[in-house]
Amino acid sequence: MKNKVILVIFIILAILHQDFWNWGNSNIVLGFLPVGLAYHAGYSLVCAAFWACIIKFAWPTDLEKWANEGEDAS
Amino acid sequence: MISILAQAPDAGPVSLTPLIVIGCYLALLLGLAMFSGKLFRGTSKDYFVASHSIGPFMLLMSVFGTTMTAFALVGSTGKTFQIGVGTYGLMASSSGLIHAACFFLIGIRVWAIAKRHGYVTQIQFFRGRFESSGIGYLLFPILVLLVIPYLLIGVIGSYRVIGPMTAGMFPNVFEATGGSVPPWIIGIVICGVVLAYIFAGGSRAAAWANTFQTIVFMAMGVLAFTLISKHFGGLEAAIKQANGGHLIRTPDEISIAGKFTREIGIHPLTFATYMFIPLSVGMFPHLFQHWLTAKSAKSFKLTVIAHPLCILIVWVPCVLIGLWATGTEAGMPPLPDAKVGAVLSIMIAKLVASPVIIGMVTAGILAAIMSSLDSQFLCLGTMFTNDIVLHNKPKDKYSDKKTILIARGFIIAIVLVTFILSLLLQNVQNVFDLAIWSFSGFGALTALVFTSLYWKGATKHGAYACIIVVASIWMFFFWKSGWGGEYTVGHVMPVAIAFMGGLIAMIVVSLFTKKPSEETIKKFFP
């Protein structure tokens, strides 16, 4: 279930990356950022937040244990 | 795509200061890397993967530094000057999602499997996963051929940065080059410095050097941004004078000083399919090796989260400089598309005009170049030693010392080949377009690594089919592009077609061929 939710959010993020609604928008945000740049700069922040959540809630704990077991064995 | 940081010709005698600043930077880099070499434990495992001892911060810096080439500083500015604001979404924000996904989904899993089974190269992993020695012999030349253009871009890039910057500095010594340092000396110095620290400490020295280089090029990008914005009278004034057509992504054609026309903006389909390019980090052999240096899986946490933020810090200032350069007050000369890589340097030289700053920004560009070069040289040496020389040989055939010696020997050979090729190809105009083709090849091959990690049903024959289909599609479009030019298939990036072709070939062939043994499934699927 958790993996499906992550996949759905990932696909939504990939779709949001296309921001076709900003294509011809030349407005300036905060006095110096064109909308097309401000949106994608914000998108980078959202990506960082998304990956922070993934690490918090979907970290592969067992994988590290499994890797270290192999090293111990060798 | 590489800049020309020349001093203003009317500034009197040409100052040696920029070259001295670069010399100081190279000396610092070498000193730091040599110090890290003292930590070298003398084993082949330490040489190839730093004994899995690299912590979170150094892993972030070395992975980020390796994925960002000179394109991050000068290419981003130039591309924005050429096509407009869409550059950030096209190349940067998509990487925030896709690169981090590759680190999380591929990097951590590969690290775990490699650590458990003692792999030090990508090919060892594929040989084990697909129970096939032959797959290594198929992949090795493909990976080497895809890495070589990437290496050439770095070395030729250094010629195109330092050569013009030193123009007129030594009129009596280098008459043939107009007083600038000739490419062969630049190549010897750059390759020599990289070679020296790879020799000293292998992966560990590369990680230390990359950390330093990444900090330098990030800082220099921000420095250039601050100084240039001051010249315009602040951020708001700078963006106000930018050309309106570059602030949007609608495709258009504009006239440049009545001399030629330029296509600006970007087609939505190209924008969408460009998202396949950052998948290349999933298959870069040099990045694979960096992953294996991680101390623990937890070391990846910072890399996954902070990578999009590091991209933001480097790319937003560079894209803004590119937009400002399109304005009336920037006073840019009419640059054709092939010369847009000079935008950052022209802005610095005209608007900041300080030899110290020119030297520092050039050092930043070199840092971006060298932080990729070292990992690529090292990974080719590692692959040759482990995948060709040591493969199928008894474990005690070569001592650790002899293994390291073989790796060092192959690295020297690769550096020599790269150096000679770079001198032969230094004047080829479209050499930097090759970067996109190199990324496209690796990006399309990511279908192979992803299915091998997440689909138990992926078979040896499926893997062969995937590699052959990707290589064939890639080669066909490479030929159609005129061997390396810009090319799309009805606005679709060729990498998207090659990736999908490889994925379909893997799935279809795997469904009808012999499944991997239970033992292999247990070995690769925890």
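**Cavities and pockets**

The model is predicted: local features need pLDDT of at least 70 and side-chain atom pairs 80 or more, while totals for chains, interfaces and linings use all residues. Residues are numbered from 1 along each chain, chains are lettered from A and ligands numbered from 1 as written, and side-chain values use heavy atoms without hydrogens or water.

Cavities of 30 Å³ or more number 5. A cavity is a set of points on a 1 Å grid where a 1.4 Å probe fits but cannot get out; lining residues have an atom within 4 Å of a point. The largest cavity holds about 320 Å³. Its lining has 24 residues, with Thr67(B), Met91(B), Ser95(B), Trp315(B) and Phe439(B) closest to the centre. Helices (DSSP runs of H or I, at least four residues) H5, H12 and H16 of chain B each give two or more lining residues. H5(B) gives the most, with 6.

Pockets are open sets, with protein on both sides within 12 Å along at least five of seven lines. The largest pocket has a volume of about 1200 Å³. Of its 39 lining residues, Leu7(A), Ala101(B), Leu105(B), Phe450(B) and Tyr454(B) lie nearest the centre. Both chains contribute: H1, H2 and H3 of chain A and H5, H16 and H18 of chain B each supply at least two residues. H5(B) has the largest share, 8 residues. The lining divides into 32 nonpolar, 5 polar and 2 charged residues.

The second largest pocket holds about 960 Å³. It is lined by 29 residues, and His117(B), Gly118(B), Gln124(B), Asn386(B) and Lys395(B) lie nearest its centre. Its lining has 8 nonpolar, 12 polar and 9 charged residues.

Conventions. Points joined across faces, edges and corners; volume = space filled by probe spheres on them. Nonpolar A, V, L, I, M, F, W, Y, C, P; charged D, E, K, R; others polar.
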